[in-house]
Amino acid sequence: MRNMVIFVWCAVILVFTCVSSFQDFIHFGVLRFRWDSHPPFSHFLLPLPYNLSRGFLLQKLGHIAVFQVLTYLLLVKYRSRCMILIVAAAFAALTEILQLFFTRGGRAFDVGFDLIGILLALALAGFFRMNHYQQINLKN
């Protein structure tokens with residue numbers, strides 16, 4: 001069952017990654033996909049925009065939240081934090097590269113926001129696990 005939940009969450013991430021216009025999907029419920037077999041790979045390395053709008057910041061919070069949830073799901077299934085970090089980070093990089101092929105703006109800095117979510121989930125899980133063990137030891 002856990003594998004299925006992880007698979008479905010990854011599928012949801014991939015759909016949102018590949019939809020031509022996330023805004024059209026959110027506002028109008030339109031799922032449209034366009035393939036570009038020769039994307040501009042140089043766009044992947046573009047820096048953060050100079051002017052950070054509220055919508056842009058909300059999108060980045062979305063990146064953090066989506067990969068935080070993915071990491072929690074992986075933590076429930078697997079024990080190796082190193083493996084979870086590698087798998088989640090590789091999936092984050094894959095989604096950004098795929099965006100280039102689906103006429104979206106895949107960016108390296110978005111992988112950074114995804115990593116913030118991954119690392120935050122790992123840190124919080126470690127903190128709560130440490131607190132749990134300390135409470136058990138205090139009761140003994």
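1. Let me start in a loop: Pro-47 sits between α2 and α3, where helices are DSSP runs of H or I of at least four residues, strands are runs of E of at least two, and both are numbered from the N terminus. With a relative accessible area of 63%, Pro-47 is exposed; the classes here are buried for under 20% relative accessible area, exposed for over 50% and partly exposed in between, with a 1.4 Å probe and protein chains only. Ala-92 is 45 residues from Pro-47 in sequence, and their C-alpha atoms are 18 Å apart in space.

2. A word on the source: this is a predicted model, in which local features need pLDDT of at least 70 and side-chain atom pairs count only at pLDDT 80 or more, while totals for chains, interfaces and linings use all residues. Residues are numbered from 1 along each chain as its sequence is written, and side-chain values use heavy atoms, with hydrogens and water left out.

3. Now the overall picture. The protein has five helices and zero strands, giving the pattern α-α-α-α-α along the sequence. Its C-alpha trace spans about 60 × 35 × 30 Å along the principal axes. Of its 140 residues, 30% count as buried. Among contacts (heavy atoms within 4.5 Å) with a separation of 6 or more, 73% come from residues 24 or more positions apart.

4. How do α1 and α3 cross? The axes of α1 (residues 2–18) and α3 (residues 54–77) come within 10 Å and cross at roughly 160 degrees. These axes are lines fitted to C-alpha atoms, for helices over the stretch in contact, and the angles run from 0 to 180 degrees between N-to-C directions. The two helices are therefore roughly antiparallel, the scheme being under 35 degrees for roughly parallel, over 145 for roughly antiparallel, 65 to 115 for roughly perpendicular, and oblique for the rest. Their crossing is left-handed, which is the term used if the near helix is turned anticlockwise from the far one by less than a right angle, with right-handed used if clockwise.

5. On the α1 side, that contact is made by Arg-2, Asn-3, Val-5, Ile-6, Trp-9, Cys-10 and Ile-13. The α3 side brings Val-66, Phe-67, Val-69, Leu-70, Leu-73, Leu-74, Val-76 and Lys-77. By class, the contact of α1 with α3 has 12 nonpolar residues, one polar and two charged. Here Ala, Val, Leu, Ile, Met, Phe, Trp, Tyr, Cys and Pro count as nonpolar, Asp, Glu, Lys and Arg as charged, and the others, Gly among them, as polar.

6. The packing of α1 on α4 has an angle of about 25 degrees, with the axes 9 Å apart. That makes α1 roughly parallel to α4. The crossing of this pair is right-handed. Cys-10, Ile-13, Leu-14 and Thr-17 of α1 meet Phe-91, Thr-95, Leu-98 and Gln-99 of α4. The residues of this contact divide into five nonpolar, three polar and no charged.

7. Helix lengths are worth a check, taking the expected span as 1.5 Å times one less than the number of residues. The 24 residues of α3 should span 34 Å, and the end C-alpha atoms are 35 Å apart, which agrees. For α4 (residues 81–101), 21 residues should span 30 Å, and the ends are 31 Å apart, again in agreement.

8. Which residues of α4 are buried? They are Ile-84, Ala-88, Phe-91, Ala-92, Thr-95, Glu-96, Gln-99, Leu-100 and Phe-101. In α3, the buried residues include Phe-56, Lys-60, Ile-64, Phe-67 and Gln-68.

9. His-63 of α3 deserves a look of its own. His-63 is buried, at 16% relative accessible area. Leaving aside neighbours within four places in sequence, His-63 is in contact with Glu-96, Asp-110, Phe-113 and Asp-114.

10. Gln-23 belongs to α2 (residues 22–28) and, at 40% relative accessibility, counts as partly exposed. Beyond neighbours within four places in sequence, Gln-23 is in contact with Phe-28 and Gln-59. Gln-23 and Phe-41 are 18 residues apart in sequence and 23 Å apart in space, C-alpha to C-alpha.

11. Finally, a backbone point. Most residues other than glycine have a negative phi. Thr-103 lies in the loop between α4 and α5 (108–139) and is partly exposed, with a relative accessible area of 35%.
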